[in-house]
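Visitor: I am new here and would like a short tour. Could you show me what we will be looking at?

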Amino acid sequence: MLELVKLGCARDDRTLFRNLSVKLSPGELLQIEGANGSGKTTLLRILAGLSGDYQGKIIWKDKQLSSVYADFRLSTFYFGHKPAVKAELTPVENIAWRASLRNEQYSQQQVLEALQQVSLNGYEDTPCGQLSAGQHRRVALADLFVGQSSLWILDEPFTAIDFHGVAWLETLLASHVASGGMVIITSHQSLSELSGSHRTLRLDDYVVEDTIEDVSEEVGDHKTGEVFL
Ligand SMILES: Nc1ncnc2c1ncn2[C@@H]1O[C@H](COP(=O)(O)OP(=O)(O)OP(=O)(O)O)[C@@H](O)[C@H]1O
């Protein structure tokens, strides 16, 4: 379904990774590991269409991503380092706002149930600026309970989440994958058995001393990818 073909990326003349080829099929969870600064966030931002500065190809449903980007966006949920949560809006308003950005509509009941799932019942009308760091991130994670995206791209979703929150999130990942969904996740902590079976990719294994220019010759494709926003 999602295929990366000889993906390469450099920042400030430093190769973060190169020749990265991997496939992700429905019902699979892929954990990206790597040291601080190895390029995990950079890779996920590329996959989410937030950066076009890469080499190689990204294939979605057997087609070059740029030609099916509208479908890809509708099928994808991206949870970044700094989740899009507006401080002046309540959790309910934030969910509605992000849903409108994705062209999705939820019933009020669905939203309230999602907030209950992330243990934010009782905070429905509290401006998010008054929530704790972990609660703030839970507001964004509530989208996972109401959206219909098949591919979840999650950058360090466990950050600031307490022990019980990590458990329900891992259980949710397993359930999404069991129902045919796909997950790409970065996490500095190992996933437990609650997440179900998964593959691990270490970005450090895709670094060499060569400059990034070598990759374009091997790929024989565009040297710079498109920005999909
Ligand atoms: N826009 C940018 N311009 C220049 N360098 C950048 C840019 N974005 C990221 N980098 C550099 O790319 C490298 C990889 O950063 P990235 O955030 O992807 O790493 P990471 O593996 O997610 O790290 P961490 O585990 O600390 O979150 C870092 O050295 C960073 O300084």
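Visitor: Which residues of helix α5 are buried?

Guide: This is a predicted model, in which local features need pLDDT of at least 70, side-chain atom pairs count only at pLDDT 80 or more, and totals for chains, interfaces and linings use all residues. Residues are numbered from 1 along each chain as its sequence is written. Helices (H or I, at least four residues) and strands (E, at least two) are DSSP runs, numbered from the N terminus. A residue is buried if 20 or more other C-beta atoms lie within 10 Å of its own, exposed if 12 or fewer, and partly exposed in between, with C-beta atoms placed from the backbone. In helix α5 (residues 133-141), the buried ones are Gln-135, Arg-137, Arg-138, Val-139, Ala-140 and Leu-141.

Visitor: What covers the buried residues of α5?

Guide: Contact here means that the C-beta atoms of two residues, placed from the backbone, lie within 7 Å. The cover over the buried residues of α5 includes β6, α3, α6 (143-146) and α7 (163-178).

Visitor: Is strand β6 covered on one face or on both faces?

Guide: Take strand β6 (residues 76-79) one side at a time: Thr-76 and Tyr-78 are buried on one side. Phe-77 and Phe-79 are buried on the other, so by the cut-off of 20 or more C-beta atoms the strand is covered on both faces.

Visitor: Which residue of β7 stands opposite Phe-79?

Guide: Two strands pair if DSSP finds at least two bridges between them. Strand β6 and strand β7 (residues 151-155) run parallel and are joined by 4 bridges. Phe-77 stands opposite Trp-152, and the residue opposite Phe-79 is Leu-154.

Visitor: Which strands are the edges of the open sheet of 5 strands?

Guide: That sheet has parallel pairing and the order β6-β7-β8-β3-β9. Each edge strand pairs on one side only, and the edges are β6 and β9 (199-202).

Visitor: And what is the order of the open sheet formed by 4 strands?

Guide: Here the pairing is antiparallel. Strand β1 (residues 2-11) and strand β4 (residues 55-60), for instance, pair over 5 bridges, with Leu-2 opposite Trp-60. The edge strands are β2 (14-24) and β5 (63-64). The order is β2-β1-β4-β5.

Visitor: At what angle do helices α3 and α4 pack?

Guide: Axes are lines fitted to C-alpha atoms, for helices over the stretch in contact, and angles run from 0 to 180 degrees between N-to-C directions. Helix α3 (residues 91-101) and helix α4 (residues 108-117) have their axes 10 Å apart. Their contact is made by Pro-91, Val-92, Ile-95 and Ala-96 of α3 and Val-111, Ala-114 and Leu-115 of α4. The angle is about 115 degrees.

Visitor: Which helix gives the most to the shell around the ligand?

Guide: A residue is near a molecule if its C-beta atom, placed from the backbone, lies within 6 Å of it. The ligand is surrounded by residues including Arg-11, Asp-12, Gly-37, Lys-40 and Thr-41. With 3 residues, the helix that gives the most is α1 (residues 40-47).

Visitor: Is Asp-205 buried or exposed?

Guide: Asp-205 lies in the loop between β9 and α8 (213-219). Because there are 12 other C-beta atoms within 10 Å, Asp-205 is exposed.
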